Amino acid sequence: MVFSRKLDRCSVIKAELWAITQGLRLIHLKKLGTHILIESDSLEAITLLRNGCPRQNECFDLVQEISELAASCETVSYLHIGREANLVADLLAKQCNIGEENLIIYDSPPNFIFRALAADLAGVI
């Protein structure tokens with residue numbers, strides 16, 4: 001399952017953490033698994049998720065929600081990946097900026113990300 005959403009103005013880190021939160025919510029809602037790998041090109045997001053977040057940080061509530069959602073899974077791993085390995089997410093974000101809808105959920109990968117998915121699977125990216 002893939003999703004994309006248009007957000008109001010917020011920091012990049014909040015947008016990244018929001019996306020992780022929504023992904024975990026969908027995984028729970030659709031019962032898609034309990035062994036989860038979260039990949040992000042945001043080292044700051046991965047660091048907050050691994051090490052915790054101070055209460056005064058603007059992202060505290062999101063990090064807490066992610067921690068609570070993760071606690072109900074058997075395993076959740078957080079992995080920092082390079083931006084070049086995150087092409088699919090980049091394409092989805094760009095497509096959402098073009099569209100009018102606020103939230104798009106794809107039950108299968110949309111055509112415009114097939115090349116990026118194939119390159120990712122082949123280890124080209």
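Me: What should the 18 residues of H1 span at 1.5 Å a residue, and how far apart are its end C-alpha atoms?

Reply: In this predicted model, the 18 residues of H1 should span 26 Å at 1.5 Å a residue. The end C-alpha atoms of H1 are 26 Å apart, which agrees.

Me: Which residues of H1 are buried?

Reply: The buried residues of H1 are Ile13, Glu16, Leu17, Trp18, Ile20, Thr21, Gln22, Gly23, Leu24, Leu26 and Ile27.

Me: And what follows H1?

Reply: Lys31 follows H1, and the phi of Lys31 is positive, near 50°.

Me: Turning to packing, how is a pair of helices described?

Reply: Two packed helices are described by the angle between their axes and the distance between the axes.

Me: At what angle do the axes of H1 and H3 cross, then?

Reply: The axes of H1 (residues 12-29) and H3 (residues 60-71) cross at roughly 25° and come within 9 Å. Angles under 35 degrees count as roughly parallel, and H1 and H3 are therefore roughly parallel to each other. Their crossing is left-handed.

Me: Which residues make that contact?

Reply: H1 contributes Lys14, Leu17, Trp18, Ile20, Thr21, Leu24, Arg25 and His28. From H3 come Leu62, Val63, Glu65, Ile66 and Leu69. By class, the contact of H1 with H3 has eight nonpolar, two polar and three charged residues.

Me: What about H2: at what angle does its axis cross that of H1?

Reply: The axes of H1 and H2 (residues 43-51) cross at roughly 60° and come within 9 Å. That makes H1 oblique to H2.

Me: Is the crossing of H1 and H2 left-handed or right-handed?

Reply: H1 passes H2 in a right-handed crossing.

Me: Which residues of H1 and H2 meet?

Reply: Ile13, Glu16, Leu17 and Ile20 of H1 meet Glu44, Ala45, Leu48 and Leu49 of H2. These residues divide into six nonpolar, no polar and two charged. Leu17 and Ile20 of H1 also take part in the contact with H3.

Me: Now the chain as a whole: how many helices and strands are there?

Reply: The secondary structure comes to five helices and four strands. From the N terminus on, the elements run β-α-β-α-α-β-α-β-α.

Me: How much of the chain do buried residues make up?

Reply: Buried residues make up 35% of the 125 residues in the chain.

Me: And what share of the contacts joins residues 24 or more positions apart?

Reply: Such pairs account for 73% of the contacts in the chain with a separation of 6 or more.

Conventions: Residues numbered from 1 in each chain as written. Predicted model: local features only at pLDDT ≥ 70, side-chain atom pairs only at ≥ 80, totals over all residues. Heavy atoms only, no water. Axes fitted to C-alpha atoms, helices over the stretch in contact; angles between N-to-C directions. Helix = DSSP H or I, 4+ residues; strand = E, 2+ residues; numbered from the N terminus. Parallel < 35°, antiparallel > 145°, perpendicular 65-115°, else oblique. Left-handed = near helix turned anticlockwise from the far one by under 90°. Contact = heavy atoms within 4.5 Å. Nonpolar A, V, L, I, M, F, W, Y, C, P; charged D, E, K, R; others polar. Expected span 1.5 Å × (residues − 1). Buried < 20%, exposed > 50% of the residue type's maximum accessible area, 1.4 Å probe, protein only.
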